[in-house]
Amino acid sequence: MTTTAGPRWWSLRKRLAAAAADRPRWSLRKRLVLAVVGLLAAVAIVIGTVSVLALSTFLTQRLDDQLTAATGRSQGAFSFGQPSALSQDQFLAAVARQAPGTLIAVVLNGTVYGGVKGQVGELAPLSRAQQDTILSVSSKSGPNTVSLTSLGNYRVKSNHFSNTDLITGLPLGDMQATLLQLSLVIATVTAVGLVGIAFAGAGIVRVALRPLERVVATTTRVAELPLDRGEVALAERVPDEDADPRTEVGQVGSAINRMLGHIAAALTARQESENKVRQFVADASHELRTPLASIRGYAELSRRGNHDLPDDVTYSIRRVESEATRMTSLVEDLLLLARLDEGRDLESKPIDLSRLLIDVVSDAHAAGPDHEWALDVPEEPVIIPGDDARLHQVFANLLANARVHTPAGSSVVVALGMEEDFAVVTVTDDGPGVPDEVKPVMFERFARADSSRSRAAGSTGLGLAIVTAVIQGHDGMVAVESEPGRTQFRVALPLETGAVARGEIEAPSAPAEGPVAE
């Protein structure tokens, strides 16, 4: 036999956990204020309840004493055990001795005689329901509380004499009104006090949590620092007054300061190591340029000289020249990245982005005539500040990337537009797309994919890294969207808003018309 109790219980636990996760979270300030108000409300309720109960007990005891005295006065007016025990004169004498509102009744042989004294001394008779209530308490000893319908609640006491019961009662209206008034006063004062405490508590908690807010502000500023690249000056620290280990918040601030100190030391060591590597790459790249130029020169001289060389030697010289050219390109890319990593400023002069794209697309058409190239630019010049040579290299790399990694006959569309304060250039091709495993790392250095994106295609893995470094140096952004049959690189560069807009530098003229592949 199988049971479903286990799965059902587990499902219920999951639903409860999901409901708890979806429940809105309260801030620490709100929880503290509500906790204080709730605790004070509980204390006020307990104090109010105890006060009302104590006063009720006191007033009831005092009323019982008054009831005993009233019973004695009524008893003195009657001559119980004598034939004339219920004479009219005796009732009048008993009524005269009591205060208005006092109940005076005699139960004889199951019949109730008497009533309630009025304000002018008359004896108001009892109704049938009230008489039944009196009969129900005639046999009970000690004071009892009963309800006499329209007359309200009474505190009554029964005294038995042979076959006769004397019932005396005093009204509870005044006592109940006093207790009700006290309850209302306590409730009103408690409510007003809790509201005042809530506002005062919110202010006190706000002041008490200001050190924590300053700690949060410090950690927020640290979180917004670009710690992943470049020189990092991690000078942010929690103020000394908020890092006192004698307080709870100070302990948090002190721990954060120690953590920031360790992070700063680690970042400094990391930066020093990176600087050494970059310096080595820059020096090595710079030193390799001269021997590579010599190798290319001697190889070209040997190939072009009037020498009767064997075919295999001629082929080897050509391969030496080709590989030297390829290695020179790699060295130049490494040297450029090293310089960009060092933070060397790029040139910033007005550039007509439309003219630059026309030149780049024309060069790409000449390098890849087996592709279909298209260019879409606005009629008006799009002026941006930047480094003309580096931006030319950026878009040349993107077009070379599209040409190398798409089959012959693929179309590549370059479009220029403006969105808000940015000039946006898109390079879209209809090739096979970027593999999913390459997308997260395609802008990193030496990132390559297999198959078409291989060394056989002449890729060094630095083209897109150079694109990223140059665009970031221009305060721009680059992104890619790819799926089978469509890949689009999107470059956003800030529009010219500085020297050209102020008239300090003359903007370039409109581009001259020239052939563009369609």
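The model is predicted, so to speak of local features a pLDDT of at least 70 is needed and side-chain atom pairs count only at pLDDT 80 or more, while totals for chains, interfaces and linings use all residues. Residues are numbered from 1 along each chain as its sequence is written, and side-chain values use heavy atoms, with hydrogens and water left out.

Let us start inside. A nonpolar core here is a set of buried Ala, Val, Leu, Ile, Met, Phe, Trp, Tyr and Cys residues joined through side-chain atoms within 4.5 Å. Buried means under 20% relative accessible area, exposed means over 50%, and partly exposed lies in between (1.4 Å probe, protein chains only). The largest such core has 41 residues, and those with the most contacts inside it are Ile 384, Phe 395, Leu 398 and Leu 399. Among the elements that give two or more residues to this core are helix 8 (311-341), helix 10 (388-404), strand 10 (411-419) and strand 13 (486-494). Helix 9 gives the most, with seven residues. Helices (H or I, at least four residues) and strands (E, at least two) are DSSP runs, numbered from the N terminus. Another core, of 13 residues, lies apart from the largest one and includes Ala 105, Leu 148, Tyr 154 and Ile 167.

Patches are made of residues with over 30% relative accessible area and no salt bridge, with like charges joined within 9 Å and nonpolar side chains (Val, Leu, Ile, Met, Phe, Trp, Tyr) within 5 Å. A salt bridge is a side-chain nitrogen of Lys or Arg within 4 Å of a carboxyl oxygen of Asp or Glu. Glu 347, Asp 359, Asp 363 and Asp 388 form a negative patch. Of these, Asp 359 sits in helix 9 (residues 353-367) and counts as partly exposed because its relative accessibility is 38%. Val 36, Leu 40 and Ile 197 make a nonpolar patch of about 200 Å². Leu 40 belongs to helix 2 (residues 28-77) and, at a relative accessible area of 33%, is partly exposed.

Thr 149 counts as exposed because its relative accessibility is 52%. Asp 475, also not a glycine, has a positive phi near 60° and is found in the loop between helix 11 and strand 12 (477-483).

Conventions: Accessible areas come from the Shrake-Rupley method with a 1.4 Å probe; for residues, only the protein chains shown count as cover. Lys and Arg count as positive and Asp and Glu as negative; His and the chain ends are not counted. The place of a charge is taken as NZ of Lys, CZ of Arg, CG of Asp or CD of Glu.
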